[in-house]
Amino acid sequence: MSLPEKAFPVSWDQFHRDSRALAWRLAGINGKWRAIVCITRGGLVPAAIISRELGVRLIDTACVASYHDYTDQGELQVIKEISPEILADGGEGVLIVDDLTDTGKTAQVVRAMLPKAHFATIYAKPKGRPLVDTFVTEVSQDTWIYFPWDMGFTYQKPIADDHRG
Ligand SMILES: O=P(O)(O)OC[C@H]1O[C@H](OP(=O)(O)OP(=O)(O)O)[C@H](O)[C@@H]1O
Ligand code: HPA
Ligand SMILES: [Mg+2]
C-alpha cells in the first residue's frame, strides 16, 4: 500500500477532547460498563481516558498487530488473548476500545472473540465503519491519521513554496 493522499494530524489536546466526546456518548448508552478491553497498542491511550471518565476499573487487553511496516498491513497476529472471565458470556456489558478502524480487519477479529460487546473507536474510515458501534469522527479512506504518540516537531515548508512558478 502506498502512502495515503491526505494527512490528518492529531494533537494530544485534540485526542483528549475526542476521547472525552466518545466517553460522553458511551455513558449515554450504558451507565455501567462491566469491563473495558483495549486493543493494543493504539487502544491503550483512549482506554485510559475513557476508563477514567466512566469509572471502569476492570481493564483487559487484546494484543494484536497488523501494520508491520508503517502503512503496509501484514497478516494479523493475535499475541495475547482476552481473559476467560471477560469472554464468559460473549462480552455482554463489555466495551472494546481502539484508536481507529481502517479496513475493519482488526475490529472483525476482536468482535469475533466478544460477539456481544460494544465496539468503540475515536476515528473511523468508511471500510471499517460498519464494524464499529460508536465512534467520534469519520475520515476518508485515502487519509492517514497521524497520532500524537507517533509524532515529533519538524520544520514545515511555507505553503507558497509549492505554488511558485
Ligand atoms: O481496521 P484495520 O485496517 O485493521 O486497522 C486498524 C488498526 O491498525 C492500527 O493498529 P496496528 O495493528 O498498526 O498496531 P498498533 O496499535 O500497535 O500501532 C490501529 O491502532 C488499529 O488497531
Ligand atoms: O490512518 C492510520 N493512522 C495510524 N495508524 C493506522 N493504522 C491503520 N490506519 C492507520
Ligand atoms: Mg492498533
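This is a predicted model: local features need pLDDT of at least 70, side-chain atom pairs count only at pLDDT 80 or more; totals for chains, interfaces and linings use all residues.
Residues are numbered from 1 along each chain as its sequence is written, while chains are lettered from A and ligands numbered from 1 in the order in which they are written.

Stay on D102 for a moment. You'll find D102 in the loop between β5 (94-101) and α4 (105-113). Helices (H or I, at least four residues) and strands (E, at least two) are DSSP runs, numbered from the N terminus. Is D102 buried or exposed? D102 is buried, because 24 other C-beta atoms lie within 10 Å; the cut-offs are 20 or more for buried, 12 or fewer for exposed, and partly exposed in between, with C-beta atoms placed from the backbone.

UniProt, in an unreviewed entry, lists D102 and I145 under "binding site". They span 44 residues in sequence, yet no two of their C-alpha atoms are more than 9.8 Å apart, so they gather at one spot. UniProt positions follow the numbering used here, feature names are shortened, and annotations may be inferred rather than shown by experiment.

I145 sits in strand β8 (residues 143-146). I145 is buried too, with 20 other C-beta atoms within 10 Å. To see the neighbours of I145, pick F8, V10, L100, Y123 and V139, again not counting residues up to four places away in sequence.

Another "binding site" listing in UniProt (unreviewed entry) takes in D102, T103, G104, K105, T106, W144 and I145. Click on W144, which lies in strand β8. W144 is partly exposed, with 16 other C-beta atoms within 10 Å.

Last stop: the helices. Select α1 (residues 12-29) and α2 (residues 44-54), which pack at an angle of about 50° with their axes 9 Å apart. Axes are lines fitted to C-alpha atoms, for helices over the stretch in contact, and angles run from 0 to 180 degrees between N-to-C directions. Among the residues making this contact are F15, L22 and L26 of α1 and V45, I49 and L54 of α2.

How values were computed. Two residues are in contact if their C-beta atoms, placed from the backbone, lie within 7 Å.
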